Amino acid sequence: MTEKTAARRAVAALCALSLAALALPEAASAQPLRDNSYAIDLFQGPILAPLRVTGIAGAYAAYAEGIAGMVANAAAPALREPFSTSWLEADVAASISIPIELFENNDFDNSGDIDLDYSNFVYLTLGGQLQAGDVGVGVNAELQRYRLTDADGATTTVVIGKYHFLGGIRLLGDALVVGAGARAVTLGLGAEETNLTIAGVAPELGVLVRPDWASYRLGATFRWPVNGGRLLGAGVTRDERGVRHGGGLVLPNEVVLPWELEVGLAVQVGPRPLNPAWIDPRAQERELRQAIARRRAAREARRAAELRGIDDPEERAARARAFAQERAREDAADARELAAGPAVLKRERRARYWNWPREHLLITAELLVTGDVSSGVSLTRFLAQNQPGSASVVGTSGAHVSFSPRFGIETEPIPGRVHTRFGSYYEPNRRGHVGRQHFTFGADVRVLSTSLWGLIPETAFTLQASMDFAPRYDSVSAGIGIWH
């Protein structure tokens, strides 16, 4: 054997040993689905969120405005938006998105292959919030429904619901907003002769730092893991070993939505303010009443001093009668000013917002950290466990903590008409392999202002769109929103 041949064999042996070493950790930690001793890792890689959040790649924890902010920061319900002009305000929002696959790229779970076919995908959000002074409460629901079809043509309908029940308070003026509440999850699986469901709930806590008139914000939220327990429902059986089955699948002991830590920064440049101080209408109206009272007291003090300086009783009495008539006219004027005051002040607050310049560049960045799941299997691999070549083995999803850096830019290239967003985020691979990079785009186009024949205040509506592109994945969604 020549030296050249020996060297080639040595290199081949080293390569084989290296590949074996790389395979050992996964093989050691992964066991086939022989019993129920595993958990479904309900991790979601691609961003499914309100269109504004998707447009800036999910980097929304530090901006956190509106009902959409509840999906990114638990403090969002108490955050006053710049156009907020009332002490008590209620808001509702709803949207439905039907993502459009442009190139038949449907590797939704980032498995590396386009294995199961995703179809009939619908994403629905519905939320509401109520703000009273420094406090706010909100509820937001996200529902996603899709159908998975395997190589044999068998279909499973998947319905996932995520819900946020939150309350928050503003502290130190506007500088600090703190919120807390609960995050709940539901999962429904429907297949032939089988319908399975789970539900679970866990707390979450959020904070937002936004000093008045500063050009930056800091935000963070921690969400505890949600353990939904076992899948329950019709069609569950046990074999002779006591292993639970449903729809021909070995069922897990639990379904887990892993814990999350979301930390972000937002910076805005340009003439438009990012953190204008919110004007409390009650405090402003109280200042008006106090100003009128001070003005009235000053008038009375001046009259009393003048009357004290008149020695002639008849002249003093005549002057007092003149003061009485003058006082009646002034009191009537004060009453009219007080009655009209709230409406006048509200118009001033609205004008204050609309007179700000529109030009701005908002830059957001954040890191989403997702916790591990012991003995985890992805939802897709759970459903495909009977398919030939399936990697449905325990420990193949969520064995380690995942990190997803995100970055977004938002601006208004045509002030008052067009709002655009761009972003990028890294989707980690929960199986321990290299993830994939996403690029997102979004836009709002102002199209119409109407009061619906006087049924609502004059409102400007927009057409909205968002796009998300990555290797083996693309999604385009559209909707209708309100222009602010």
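**Exercise 1.** In what order do the strands of the open sheet of 3 strands stand, and in which sense do they pair?

*Solution.* The structure is a predicted model.
Step 1. The strand order is β12-β13-β14, and the pairing is antiparallel.
Step 2. β12 (236-238) and β14 (249-250) lie at the edges with a single partner strand each, so one side of each has no neighbour in the sheet.
Step 3. Between β13 (residues 244-246) and β14 there are 2 bridges. G246 has L249 in β14 as its bridge partner.

**Exercise 2.** How many bridges join β8 to β9, and how many join β8 to β11?

*Solution.* 
Step 1. Strand β9 (residues 216-223) is joined to β8 by 6 bridges, with the two running antiparallel.
Step 2. The hairpin of β8 and β9 has 6 residues between the strands, where W213 shows a positive phi near 65°.
Step 3. Strand β11 (residues 232-234) also runs antiparallel to β8, through 3 bridges. T197 has L232 in β11 as its bridge partner.
Step 4. As a general principle, strands of a sheet pair through backbone hydrogen bonds, in either a parallel or an antiparallel arrangement.

Methods. Residues numbered from 1 in each chain as written. Predicted model: local features only at pLDDT ≥ 70, side-chain atom pairs only at ≥ 80, totals over all residues. Heavy atoms only, no water. Pairing = 2+ DSSP bridges. Helix = DSSP H or I, 4+ residues; strand = E, 2+ residues; numbered from the N terminus.
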